[in-house]
Amino acid sequence: MKIRSFNVLPNLPESLKALDELSTNMWFTWNWDAIMMFVDIDDYLWHRSHRNPKWILGTVSPERLETLSRDEAFLGRVRDIKARFDAYLADKGTWFNQNHDPRENDMLVAYFSMEYGIGEGLPIYSGGLGMLSGDHLKSASDLGIPLVGVGLLYRKGYVQQVLNRDSWQVERYPENDWYNMPVRIVSDAKGEPLRIDVQLDGETVKVGIWKVPVGRNFLVLLDTNLPENSPQSRTITEQLYGGDRENRIRQEVILGVGGPRALRAMGLNPTVYHVNEGHSAFLLFERIRQLMSDRNLTFREAKEAVWASSAFTTHTPVMAGNEYFDFELVRKYMEPYCRQMGLSMAEFLEIGKEEPSSMGFCMTVVALRLCAFLNAVSLLHRDTSREMWQKIWPQLPCYEIPIEGITNGVHTSSWISHELHKLFQRHLKGEHGGEVSLENCDWSKLDGIDDKDIWETHLIRKQKLVKLVRDRLKRQYQRLGSDRTVLEELGQALNPEYLTIGFARRFATYKRATLFMRNLERLAEIVVNEKMPVQFVVAGKAHPADTHGKEYIKAVARLTMDKRFKNRVIFVEDYNMNVARYMVQGVDVWLNNPIRPLEASGTSGMKAAANGVLNLSVLDGWWVEGFSPEVGWSIGTTERYNSEEERDYVESEAIYDLLQRIVAPLYYDRGDDGIPHNWVRMMKASIRKLAPRFNTNRMVKEYYDRFYVPAHRAAASLSDGGRLAGLAAWRRRVEENWPKVRVALDDFKPEMEIHSCTKVPVRARVWLGDLTPEDVDVQLYVGIAEGEAVFKQGEGTSMRLETGSGGVHSFSGEAAAFGSGRHDLAVRVVPRHPDLVNPFMPPLMKWNEE
């Protein structure tokens, strides 16, 4: 039997037609009035649909739609929200329009990521990477920056977590019904579904293209679950991070090779490509292949153009977190593409090796080598990443390695409570008035808001969190067959008056979810304190293959029914975006205790801070930049420990001490009006100081200024075939001649006493072989060395060419004495070319040997 399918669209009354467009543009996810409009269509269906208005419109009864079509109050809301949506799309006064140079008129950024957390009704996300990607798209839309996202359309949403009777995580994978979700098929000129081809191990895989409007921009999603494909190929996009290593590389080839092809098939011509984590790095090879074919370029020429117009963001601070593939697996899927680029397989594999002896093909290394613009996601992560990848730049001092720090942020409108937002709208309007956003609110007015208003607004969110937790607990234990006594007890879990600590994140072992449980006797002493009770709300999922993470979940979840803790340590099942939103808006303190420096950035604490929730965290990731005593607390400092045991003991005791001696007493220190004024003062400081900094509007502006603009201009410059050929020829000449380059200090012997703030003359001889002085930058480097061969700090300044003949040149400069004490100096030579956007790639450098 062969079953055939057809799609049925909701039949909306004419007066409700606007709901169709409003339900399929993810703009609604960060607009509270739009959300409430859909909730009021059918509250039950809203929650059952996981906040998916398109599903609601297709499921709600015709009678309900007919009633709404005659409800003038509801129709007025629809007209108002549609008018605001249309005005948002048509607004010519965006940040981009007001600030961009005419040279950026044709800019289009293509942003690639394996996952996107835009809304619960579009379940193509797993954790922090997806949340960041979704917030990046939203802020790009708000700012008006032309950007298109590219990802995969997963038939099964990421794992739903179910705890069994033993509190062990069991996974469920619900299938997504894409015809009832805010996506639509992209069609060709004939109205047929648009398809592209991707070759995988001798098979031509057909890839469908779907589109998700995200405000002013949109997200493109690729799908292999098509009848034209083999059963094996149909499962490529079945599940986010699902399957074995072979399916993973198949997914990444579909994303990396299929992504640029899909954009081209849609008539889009991005000028800048942003590789968000290494999963999509194969797109760099596909871009090279396309340019070689389109413009009749050599591999070297196409590589220059791709390198200069590509950005890469790394998110992991540990080597094991990077994507590695076995060489034979890479050969199996990428050898045909190598032949099209004129590369041998050995040459191709070399691009993915950290060093010649490496035993795996690393996608991060590919991106580091083929992208000119590189960044980590916090300043500490920048330093960690530079140390991790120093082998790629062995001649470069660690602090000069060209991996920048652009600290993550959050899309505040998506995460701040609507109650707090309304409070801000009343009090924080700037001099020009208008609706409050990060762009026009006057944060200096925050202290003028009455403490009572801030506190009562917060208590409303705490009460809603408590209700959510109780409801979910009752459903969970009903499913497990618990009796009425247990259900009644759980119905009283938590107290909105008690100090509430929140901890929610992926249960990776380095995040140490059980650190607060290390001494259960002391924990019980804190939790059941009669004068200053404390309660914990914990949530998160472990990777399906992470047994240790599941053990952590089991340990925490078992405390829910542990009589010693009186239902004050609660594990919330099936953590998702909605639970996250309730938690960051409703707890009092956000706890974060990863092993430093393994938290690249972290964004949940930023979401909490924007809601006036105080952070209690290890000085890792973003908190290194965000912490000050008036906005939260640090667990320890930056000390190093002799063992893991010592580290966990010291930091768990620090948590207990802070809660008992500082945090709880501050929370319960009430004025005559019952308000904790000193606590509210910290809440205000947290919002005022952290919300304006740690948001994706600021983050995306940084990407625009530091990466997108120079990458776009480099792409425009290198569209000149002669200029591109000249750059590629110059680089080849430099690489071929570099072994002949040598530099020596010319008898540096200061004969006088040197005082601070004076300058010391220095001369150097440089052997350039067949290169010219215009091909290089000879730099006098002054600083403090660690040993005889490594600078731990310093700065280079260009030296002047004096004379030269026969390949030997004399350069002079002056070493500035910047302070008293020992100074170290050396001379180095680096390649120089006016079209080179990153002088340290390729990593060629020569230091003086004598």
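Is Glu651 buried or exposed? Select it: at 8% relative accessibility, Glu651 counts as buried (buried is under 20% relative accessible area, exposed over 50%, partly exposed in between, with a 1.4 Å probe and protein chains only). This is a predicted model, where local features need pLDDT of at least 70, side-chain atom pairs count only at pLDDT 80 or more, and totals for chains, interfaces and linings use all residues. Residues are numbered from 1 along each chain as its sequence is written, and side-chain values use heavy atoms, leaving out hydrogens and water.

Glu651 makes a salt bridge with Arg512, the closest N and O atoms being 2.4 Å apart (a side-chain nitrogen of Lys or Arg within 4 Å of a carboxyl oxygen of Asp or Glu). The pair links distant parts of the chain, 139 residues apart, with Glu651 in helix H26 (residues 644–667). Helices (H or I, at least four residues) and strands (E, at least two) are DSSP runs, numbered from the N terminus.

Next, pick Arg688 and Asp447, another salt bridge, with closest N and O atoms 2.9 Å apart. Here Arg688 is partly exposed at 24%, and Asp447 is partly exposed at 44%.

Hop to helix H19 for Asp471 and Lys467, four residues apart and so separated by about one helical turn.

Last stop: helix H29 (residues 721–737). Its buried residues include Leu724, Trp730 and Arg731. At its start, a side-chain oxygen of Asp720 reaches to within 2.9 Å of the backbone nitrogen of Gly722.

Terms used
Expected span 1.5 Å × (residues − 1). Polar contact = N/O pair within 3.5 Å; in protein donor to acceptor, adjacent residues only side chain to side chain.
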